[in-house]
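Subject: Structure handover

Hello,

Here is the structure I promised to pass on. Please open it next to this email and follow along.

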Amino acid sequence: MKVSVDRSLCYGSAECAHRVPAVFAFEDGYGVVRPGAAEAAEDPSVREAVREAAERCPSQAVLLAGEEPFSG
């Protein structure tokens, strides 16, 4: 799974960073993917938390490549 944050959509709720601090950080008012987080996202429990963070992102700025789209 490739994880990214679209800064043009992100409005800085920090929801992702609060939910999965191993993968996301909050920098300069935006959510970002931590360097090296791709390895962490391969862990099944972290992967599920990342999916949940994407689903619950209020601006829908967390993007997951290689995943089935979710409906929310």
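Predicted model: local features only at pLDDT ≥ 70, side-chain atom pairs only at ≥ 80, totals over all residues.

**Helix H3**

H3 covers residues 44-56, 13 residues in total. From first C-alpha to last it reaches 18 Å, close to the 18 Å expected at 1.5 Å a residue.

Which residues of H3 are buried? They are Val46, Arg47, Val50, Ala53 and Ala54. These residues lie on the same side of H3, because they cover an arc of only 120° around the axis. The face turned away from that buried side carries Pro44 and Ser45, both exposed.

The buried residues of H3 have several packing partners. Two are helices: H1 (15-19) and H2 (37-40). Three are strands: E1 (2-5), E2 (24-27) and E4 (62-65).

**The nonpolar core**

The largest nonpolar core holds 18 residues. Val3, Val5, Val20, Val23, Phe24, Val50 and Val62 have the most contacts inside it. E1, H1 and H3 each supply at least two of its residues. H3 gives the largest share, 4 residues.

Phe24 deserves a look of its own. Leaving aside residues up to four places away in sequence, Phe24 touches Val3, Val5, Cys16, Ala17, Val32, Val33, Arg34, Val50, Ala53 and Val62. Val50 and Ala53, among these partners, are also on the list of buried H3 residues.

**The cavity**

Rolling a probe the size of a water molecule over the atoms shows where empty space is left. How many cavities of 30 Å³ or more are there? The count is 1. The largest cavity has about 70 Å³ of space. Its lining is made of 13 residues. Nearest its centre lie Cys10, Ser13, Cys16, Gly31 and Cys57. Cys16 is also one of the residues that Phe24 touches.

**Two positive phi angles**

Ala14 is not a glycine, yet its phi is positive, about 65°. Ala14 sits in the loop between E1 and H1. Buried or exposed? Ala14 counts as buried, because its relative accessibility is 11% and the cut-off for buried is under 20%.

Asp28 is not a glycine either, and has a positive phi of about 55°. Its place is the loop between E2 and strand E3 (30-33). Asp28 is exposed, with a relative accessible area of 71%.

Over to you.

Best wishes

Note on methods. Residues numbered from 1 in each chain as written. Heavy atoms only, no water. Expected span 1.5 Å × (residues − 1). Buried < 20%, exposed > 50% of the residue type's maximum accessible area, 1.4 Å probe, protein only. Arc of directions from axis to C-beta. Contact = heavy atoms within 4.5 Å. Core = buried A, V, L, I, M, F, W, Y, C linked by side-chain atoms within 4.5 Å. 1 Å grid on protein atoms, 1.4 Å probe; cavity = no way out; pocket = protein on both sides within 12 Å on 5 of 7 lines; lining within 4 Å. Points joined across faces, edges and corners; volume = space filled by probe spheres on them.
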